[in-house]
Amino acid sequence: MRLLIIEDDREAASYLAKAFREAGHVPDLAHDGLDGYALAREGDYDMLIVDRMLPKLDGLSLIRSLREQAVTTPVLILSALGQVDDRVKGLRAGGDDYLPKPYAFSELLARAEILARRRTVPVGTTEATAYRVGDLELDRLSHRVTRAGQEIALQPREFRLLEYLMRHAGQVVTRTMLLEHVWDYHFDPQTNVIDVHVSRLRAKIDKDFDRPILHTIRGAGYVVRADDTRGA
């Protein structure tokens with residue numbers, strides 16, 4: 001999930017960005033309403049997290065302006081104003097959810113992921129909750145990965161990387177695709193962060209097994225495939 005956090009409290013914004021990264025997501029930051037509005041209009045985000053009380057342009061005005069410009073990105077409002085009337089005003093301004101402060105990050109994360117998921121799944125369809133490639137299986141709901149029935153422990157970023165690769169099983173996934181969908185797209189394309197994580201992931205899912213599933217395609221990218229590849 002790629003998200004934009006619009007929060008004028010820099011300490012709180014940094015905490016949120018760090019927490020979302022650790023959960024495997026890609027956050028951008030804006031510290032006032034005008035910058036946030038510009039980024040939200042120009043960026044391709046799955047989710048916007050907007051503080052209600054912002055300098056230069058308040059949160060509700062920002063959301064109204066986005067909706068007037070036909071920006072449909074889901075918006076979750078954060079605010080110390082938590083009365084019923086406050087929440088109603090936020091939703092009527094165009095917000096999709098409203099979370100009063102103080103809040104638990106686990107709840108914020110769950111709400112954000114649900115809103116983003118609703119946006120990416122067309123009406124009348126269901127999103128795959130599990131993937132299988134050969135004897136490698138990934139369950140998105142339980143965050144469980146197994147190969148030949150043996151459970152494999154992955155870090156959040158490794159899980160997100162494997163999930164993306166398995167979602168595109170049999171297809172070559174480029175470094176640019178990984179940078180945009182698994183890492184912050186501002187990273188230098190020449191960074192070795194992808195190589196490091198792919199190497200760690202390969203050591204976990206391929207090292208103790210006869211046939212490799214994660215392949216490097218020289219000059220192109222990476223592909224997850226097996227002779228008996230099946231989608232789930």
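What share of the 232 residues in the chain is buried? I looked this up before anything else, noting that the model is predicted. Buried residues make up 45% of the chain.

**Entry: overall make-up**

I listed the secondary structure and got 8 helices and 11 strands. I then checked contacts with a separation of 6 or more, and residues 24 or more positions apart account for 58% of them. The accessible surface came to about 12200 Å², with 49% of that belonging to carbon and sulfur atoms.

**Entry: helix H6**

I turned to helix H6, residues 156–167. With 12 residues at 1.5 Å a residue, H6 should span 16 Å, and its end C-alpha atoms are 16 Å apart, so the two values agree. I looked up its cover next: 10 of the 12 residues are buried.

**Entry: nonpolar cores**

The largest nonpolar core has 27 residues, and Leu-162, Leu-165 and Leu-178 have the most contacts inside it. I noted which elements give two or more residues to this core: strands S6, S7 and S11, and helices H6, H7 and H8. H6 gives the most, with 6 residues. I wrote down what Leu-162 touches, leaving out residues up to four places away in sequence: Leu-136, Leu-138, Val-145, Leu-154, Leu-201 and Ile-205. Another core, of 19 residues, lies apart from the largest one and includes Leu-4, Ala-30, Tyr-37 and Ile-63. In soluble globular proteins, nonpolar side chains tend to be buried together.

**Entry: salt bridges**

How many salt bridges does the structure hold? I found 16. Side chains of opposite charge can pair when their charged atoms come close.

I went back to H6 for one of them. Arg-167 pairs with Glu-163, the closest N and O atoms being 2.9 Å apart. The two are about one helical turn from each other because they sit 4 residues apart in H6. Glu-163 counts as buried at 8% relative accessibility, whereas Arg-167 is partly exposed at 34%.

In helix H1, Lys-18 and Glu-22 are also 4 residues apart, so about one helical turn separates them. Their closest N and O atoms are 2.5 Å apart. Glu-22 is partly exposed, at 46%.

Arg-111 and Asp-97 form a salt bridge at 2.8 Å between the closest N and O atoms. This pair links distant parts of the chain, with Arg-111 in helix H5 and Asp-97 in strand S5, 14 residues apart. Why did I mark Asp-97 as buried? Its relative accessible area is 16%, and buried means under 20%.

Methods. Residues numbered from 1 in each chain as written. Predicted model: local features only at pLDDT ≥ 70, side-chain atom pairs only at ≥ 80, totals over all residues. Heavy atoms only, no water. Expected span 1.5 Å × (residues − 1). Buried < 20%, exposed > 50% of the residue type's maximum accessible area, 1.4 Å probe, protein only. Core = buried A, V, L, I, M, F, W, Y, C linked by side-chain atoms within 4.5 Å. Contact = heavy atoms within 4.5 Å. Areas by Shrake-Rupley, 256 points an atom, 1.4 Å probe, with all protein chains shown as cover. Salt bridge = Lys/Arg side-chain N within 4 Å of Asp/Glu carboxyl O.
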